[in-house]
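Please look at the sequence and the structure shown below. The paragraphs that follow lead through them step by step.

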Amino acid sequence: MTDPQLAPLLDDSDDLTPEFEQALSEIFGRYDRDGDQSLNKSELQAFAVFCNGEPFSDEDVSEILESFTTTDDGLALTLPGFIQLYHLQTASGDDEETWKDLKKHGYDAQLKLETPPSKLEVPKPDSPKADDESTPAL
Ligand SMILES: [Ca+2]
């Protein structure tokens, strides 16, 4: 039951549409905080918390790293791996879940970035508290 107003995520060959791939690539970049082109465990957890409200279990993380393309040491998910994850989820019929994530990241039904990332609350579980709490003006 796909909403007819939604942009296609997959083409006739079940490949990702360029718009979908572009969106995934942009989202991937938001979580790659150290810019090494891969998502390590804590970066993956930031993604999980944002999408699901809770981190992945250790088993989930292991499964993701075993199932999809990672860095050579197997400890971090690469962009192709991230795309595979969504490709699998979407091609297996769970595009509702995919759309939920896309919309959460600010994308509209046409895969346009409707809400800039700076306007979204992105949790930073591993970051120390920001300095802006140091000045309680009472
Ligand atoms: Ca990284």
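This is a predicted model: local features need pLDDT of at least 70, side-chain atom pairs count only at pLDDT 80 or more; totals for chains, interfaces and linings use all residues.

Which residues of α4 are buried? They are F82, Y86 and H87. A residue is called buried if 20 or more other C-beta atoms lie within 10 Å of its own, exposed if 12 or fewer do, and partly exposed in between, with C-beta atoms placed from the backbone. Seen down the axis of α4, these buried residues fall within an arc of 135°, so they line one face of the helix. The arc is that of the directions from the helix axis to the C-beta atoms.

Residues are numbered from 1 along each chain as its sequence is written.

The overall plan comes next. The protein chain contains five helices and two strands, arranged along the sequence in the pattern α-β-α-α-β-α-α. Helices (H or I, at least four residues) and strands (E, at least two) are DSSP runs, numbered from the N terminus. The chain has 138 residues, of which 21% count as buried. Two residues are in contact if their C-beta atoms, placed from the backbone, lie within 7 Å. Among contacts between residues at least 6 apart in sequence, 49% join residues at least 24 apart.

The segment before α1 includes D14. The phi of D14 is near 65°, a positive value in a residue other than glycine. Most residues other than glycine have a negative phi. D14 counts as exposed because it has 10 C-beta neighbours inside 10 Å.

Helix α1 covers residues 18-31. At 1.5 Å a residue, its 14 residues should span 20 Å, and its end C-alpha atoms are 20 Å apart, which agrees. The expected span of a helix is 1.5 Å times one less than its number of residues. Within α1, the residues F20, A23, L24, I27 and F28 are buried. They cover an arc of only 140° around the axis, which puts them on the same side of α1. On the other side of α1, P18 and S25 are exposed. The buried residues of α1 pack against α4 (79-91) and α5 (95-104). One of them, L24, is in contact with F82, I83 and Y86, leaving aside its neighbours within four places in sequence.

In the loop between α1 and β1 lies Q37. Q37 has a positive phi of about 65° although it is not a glycine. Q37 counts as exposed because it has 12 C-beta neighbours inside 10 Å.

Helix α2 (residues 41-52) has 12 residues and reaches 16 Å from its first C-alpha to its last, close to the 16 Å expected at 1.5 Å a residue. Its buried residues are E43, L44, Q45, A46, F47, A48 and F50. These pack against α1, β1 (38-39), α3 (58-67), β2 (77-78) and α5. After α2 comes G53, whose phi is positive, near 80°.

A record also describes this part of the chain. UniProt, in an unreviewed entry, places the feature "domain: EF-hand" at residues 19-54; such positions are given in the numbering used here, feature names are shortened, and annotations may be inferred rather than shown by experiment. Over residues 19-54 the chain is 69% helix and 6% strand, with its end C-alpha atoms 28 Å apart.

We now return to α4. Its 13 residues should span 18 Å at 1.5 Å a residue, and its end C-alpha atoms are 18 Å apart, which agrees. The buried residues of α4 pack against α1, β1, β2 and α5. G93 follows α4 and has a positive phi, near 100°.

The segment after α5 contains Y107. Y107 is buried, because 21 other C-beta atoms lie within 10 Å. Leaving aside its neighbours within four places in sequence, Y107 is in contact with A23, L102, K112, L113 and E114. The C-alpha atoms of Y107 and P117, 10 residues apart along the chain, are separated by 9.9 Å.

Finally, consider the largest nonpolar core, which has 22 residues. A nonpolar core is a set of buried Ala, Val, Leu, Ile, Met, Phe, Trp, Tyr and Cys residues joined through C-beta atoms within 7 Å. The residues with the most contacts inside the largest core are A23, L24 and L77. The elements that give two or more residues to this core are α1, α2, α3 and α4.
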